[in-house]
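Keep a viewer open and follow along.

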Amino acid sequence: KAWRIAVIGAGIGGSSYVHFLTEQQKASGGANPVTIEVFEQEDHPCGRVTTVEVGQGNFYEEGGSILHPTNQYMTQFTEILGLNRSSSDPSDGPFGIFDGFEWVYRQTGSWLWDTITLLLRYGFEPLKLDWLVEDMLTHFKSIYDIQDNGRAFLTTRDLLIAMGGVDFLNLPQITLADHLLSKGFSPQFINELVTGATRVNYGQNATIGGFAGLVSLAGSQGNLWSVVGGNNQVCYGLLKRAGAKVNYNSR
């Protein structure tokens, strides 16, 4: 039996769905032919993964700009499509924290002095936060094994429990600030360093949901990357590779 499938939206979600659907059809030996048609309301794909060119050859990301090394799907997509990756490491240079009135912390470029001043102001909280984010990522990465084992869930609740138990389930129900306070972090650390990171990555303060907030903080770690020429090439490449018909300006 031949199937005709309509996909609403050509963002990274829709493009990925088209890719996996096509791969699944190929794996079945083509027993059930599939025709895929995508309907996108904009005049281009990729949704919030949008790249714009400013001047000549200068590309900037308007949406999702950096990718974490634990993102297995995006890593696989770049390999499949033959795209090159470039480092977007936030630790490439010094940083500072400005509270709207003054610099509360500012690196000088001297590793020893910067470490001393960081310890004096925040103690070991930066290291403690890194451990907390790594623990969240360990649970988050379990989604790949869950999917590889063919498991599926009817509710988001069941999925979250499978990934990290009740504690993981509770994260979206509280703010990042409340979660960190419950873990013993100081209000000063949350207001200055954590809020600085969430504002840069997600444009929000520490009242963001706990789950999204920890994901945002993962975007402040090292080994981050982006696609040379624009992350939107992933969407274009997946749709083209699948041979899907894409209808732009569809409303």
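Which elements do the buried residues of α1 pack against? They pack against β1 (3–8), β2 (34–39), α2 (72–81) and α9 (233–242). Before going further, a word on what you're looking at: this is a predicted model, where local features need pLDDT of at least 70 and side-chain atom pairs count only at pLDDT 80 or more, while totals for chains, interfaces and linings use all residues. Residues are numbered from 1 along each chain as its sequence is written, and side-chain values use heavy atoms, with hydrogens and water left out.

Back to α1. The helix covers residues 12–27, so to speak its 16 residues, and reaches 22 Å from the first C-alpha to the last, close to the 22 Å expected at 1.5 Å a residue (the expected span is 1.5 Å times one less than the number of residues). Helices here are DSSP runs of H or I with at least four residues, strands are runs of E with at least two, and both are numbered from the N terminus. The buried residues of α1 are G14, S15, S16, V18, H19, L21 and T22. Buried means under 20% relative accessible area, exposed means over 50%, and partly exposed is in between, using a 1.4 Å probe and protein chains only. An α-helix has 3.6 residues a turn, so residues three or four places apart point the same way. Just after α1, G29 takes a positive phi of about 80°.

Now zoom out. The protein chain has nine helices and nine strands, and its C-alpha atoms fill a box of roughly 70 × 50 × 30 Å along the principal axes. Of its 251 residues, 36% count as buried. Take the contacts (heavy atoms within 4.5 Å) between residues at least 6 apart in sequence: 68% of them join residues at least 24 apart.

T51 sits in strand β3 (residues 51–53) and counts as buried because its relative accessibility is 14%. Its side chain makes a polar contact of 2.9 Å with the side chain of E61, and another of 3.3 Å with the side chain of N232. A polar contact is a pair of N or O atoms within 3.5 Å; within protein, one must be able to donate a hydrogen and the other to accept it, and residues adjacent in sequence count only if both atoms are side-chain atoms. Leaving aside neighbours within four places in sequence, T51 is in contact with F59, Y60, E61, G229, G230, N231 and N232.

Next stop, helix α4 (residues 125–148), which holds S142. Is S142 buried or exposed? S142 counts as buried, because its relative accessibility is 17%. The S142 side chain reaches the backbone oxygen of M163 at 3.4 Å. D135 lies in helix α4 too, but D135 counts as partly exposed because its relative accessibility is 43%.

Most residues other than glycine have a negative phi. C46, in the loop between β2 and β3, has a positive phi near 95°, and C46 counts as buried because its relative accessibility is 1%. N249, in the segment after β9 (245–247), has a positive phi near 55°, and N249 counts as exposed because its relative accessibility is 53%.
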